[in-house]
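I opened this notebook to keep track of what I looked up, one entry at a time. The structure comes before the entries.

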Amino acid sequence: MNRPVYVIGVDVGGTFTDVFILDESAGAVMTAKVPSTRGDQSKGIVEGIGRQIDGFADISTIVHGTTVGTNALLERKGARTGIITTEGFRDVLEMRRRDRPTTWGLKGSFAPVVDRADRVEVAERVLADGSVLRVVAEEEVRERARALAASGCEAVCVFFINGYANNDNEKRAVETVRSVWPNAYVTAATEILPEIREFERVSTATLNAYLQPVVSSYLERLEDTLTGRGFAGDLLIVQSNGGVMTVDTAKRYPIRTALSGPAAGVIAATAIAKAAGFRNVITCDMGGTSFDVSLVTDGKAALAAQTAIEFGMVVRTPMIEITTIGAGGGSIASVDKSGLLQVGPESAGSDPGPVCYGLGNDRPAVTDANLVLGRINPDRPIGGKLERLDVEAARNAIEAHIAGPLGLGVEQAADAILKLANAKMAGAIRLVSIEKGHDPAKFAAMPFGGGGALHAGALIKEVGLGAALVPRFPGITSALGCVVADMRHDRVQTVNRLLDQLDAPALGRQMHEVADETQALLSHAGVAFERVERIFELDMLYVGQTHTVSVPISLADAELTPEAIRTAFDAAYRGAYGRLLDNIPTRVMNYRVVVIGYRPDLDMAVFAPVDGKPAEACRTGMRRVFADGAFHDAAVYDRLSLEIGAMVAGPALLEQPDTTIFVDPGLVARVDRFGNLLIERAGK
């Protein structure tokens, strides 16, 4: 018998840790869902893996989507960080872009992650053309670094104005700081983002420093824990751009993990939908705390060059474009002072969790509403945390906090909670689709996470989506994304030259050199790739404009020429705006180099039902479910036992260990050849 070879994807969420295990030797898959261990996420990871396999020595690769960095940013629990910057620029981080938290009105405050006392200056100056006006004094840098360390700073960021044009002063200062700093947590702003725009550069670099001690110590604990269990394979970390990187790279650039977990879910959804024949999907990841939405068009996830984690906390590094709202299973429902029902953004999380968990929370959550309305089986809670959910406690909480104050019955109050939660989710979907010129009817929703499939039908009706495609294992989709993600690295560098004054051949050679350096990171990762792709782009604009267009550039064997750049710019600009601007010079602002190592595709046929049965043979009972203002008798099915082509008409409930799927009245569900469940309007 062949020894198993496991590739494992792990996604740690606010409530559950999800594990997807691929046995490459047998072509089989296993899954696990365990409660997240908030104090030390590595414990939950080891427990989840250990539920399915004993021999950690048989694991070849573990790919991990982590929320350690995300949580540290949102909860402002990063390390105390210092900034050493150019004289006169210590307040760039706090001044931002002179924006404010609320668009209308003057109210609102902002506190940067680094206090002003920990932002210190040194005398140095580089001009915008890259010429050095004043060389930095190493002794002054050394003095400032020692003072920051003595005051209690754990990490430091060196940010010099115009460092993108010439980073000689910044490099000299960083070397000096490292000679006296008590640990390895020293960040150079131009190593993180050698791009024009000082606020975005200092914000991204400072947040990288802010996360370094937190993320690095976590990854070191995880490595030690796995090694202690006999693991000797490769540990990779999911990046916010949907690619993966080595642990060493993640320790140096933890800011690239800011949306690691949600990005993995989008990657998995894209792969599942593509195999099923859907190239346009809207991913809907509903976990315990949030509802994350992303648009996939023509089989590609949308990337954002810049993301605000929250107001004033800007990260300028490529990330999958994800819209997040506070509408998860643990989102708290309440009645505000004006007598209006609210859902979220506060969440009960995993501990204590919804009221029905019986762990101390007494305020109703979305999961409690689903339970009271019959959509969740109290005897089959997901995740293995509890043996049974407390329906009566959930009813009492909804009665006390929602039904009583609003003068409603318990079922009507629970229904109102779900309707409001669905309306918030629908708003997020409209934001990424209709408001960007896309017709939702041409898209399928891909609901996943522990709670997404309970709301799929409501979203089809609310938004007018064409269908919903529910993956085989919705609750562990993000963990699957870790396994199918490719390795990717992005590089950017400001050029800031008029096209007529640009040495195009030299620029082409420089981009090739950067691509060679970046590809070397892939070579050192110890991962087998089917192929490696290099992507070259220029950020360009007409003189006088602020916003750039992305211009794809072909750098094959031919030398890069101004004529080739101009032709590519004209095509990109006309495609974006429908016209060109005559007699206005063009400027090349930045070049971008992307290197992608494509890992072998996962054959989605591994999810196809084996020995499936007709729908009637999978029926396990009936349950009263409240929907559309009335109770219905809904058939209950064992979802994973359904054969390919099996049809189920709503109202119906399909149960499985990692989630429950609710097929609303008027909808019908069908199992496709990959085990996905396609939900559409009846008679479509």
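Helices (H or I, at least four residues) and strands (E, at least two) are DSSP runs, numbered from the N terminus. I noted that this is a predicted model, in which local features need pLDDT of at least 70 and side-chain atom pairs count only at pLDDT 80 or more, while totals for chains, interfaces and linings use all residues. Residues are numbered from 1 along each chain as its sequence is written, and side-chain values use heavy atoms, with hydrogens and water left out.

Is H13 mostly covered or mostly open? I looked up residues 456-463 and found six of the eight buried (under 20% relative accessible area, with exposed over 50% and partly exposed in between, for a 1.4 Å probe and protein chains only). The buried ones are Ala456, Gly457, Ala458, Leu459, Ile460 and Val463. They pack against several elements, including helix H12 (410-432), strand S24 (467-470), strand S34 (667-671) and strand S35 (677-681), where contact means heavy atoms within 4.5 Å.

Entry 3, the strands. I followed S24 to S35 and saw that the two pair in the antiparallel sense over three bridges; strands pair if DSSP finds at least two bridges between them. Leu469 has Leu678 in S35 as its bridge partner. S35 also runs antiparallel to S34, joined by five bridges, and Val671 stands opposite Leu677 there. In the hairpin of S34 and S35, with five residues between the strands, I found Gly675 with a positive phi near 85°.

Axes are lines fitted to C-alpha atoms, for helices over the stretch in contact, and angles run from 0 to 180 degrees between N-to-C directions. The axes of H11 (residues 391-406) and H12 come within 9 Å and cross at roughly 75°, so these helices are roughly perpendicular (65 to 115 degrees; under 35 is roughly parallel, over 145 roughly antiparallel and the rest oblique). The residues of this contact divide into seven nonpolar, no polar and three charged; Ala, Val, Leu, Ile, Met, Phe, Trp, Tyr, Cys and Pro count as nonpolar, Asp, Glu, Lys and Arg as charged, and the others, Gly among them, as polar. I then looked up H9 (residues 260-276) and H14 (residues 477-484), which pack at about 80° with their axes 7 Å apart. H9 is therefore roughly perpendicular to H14.
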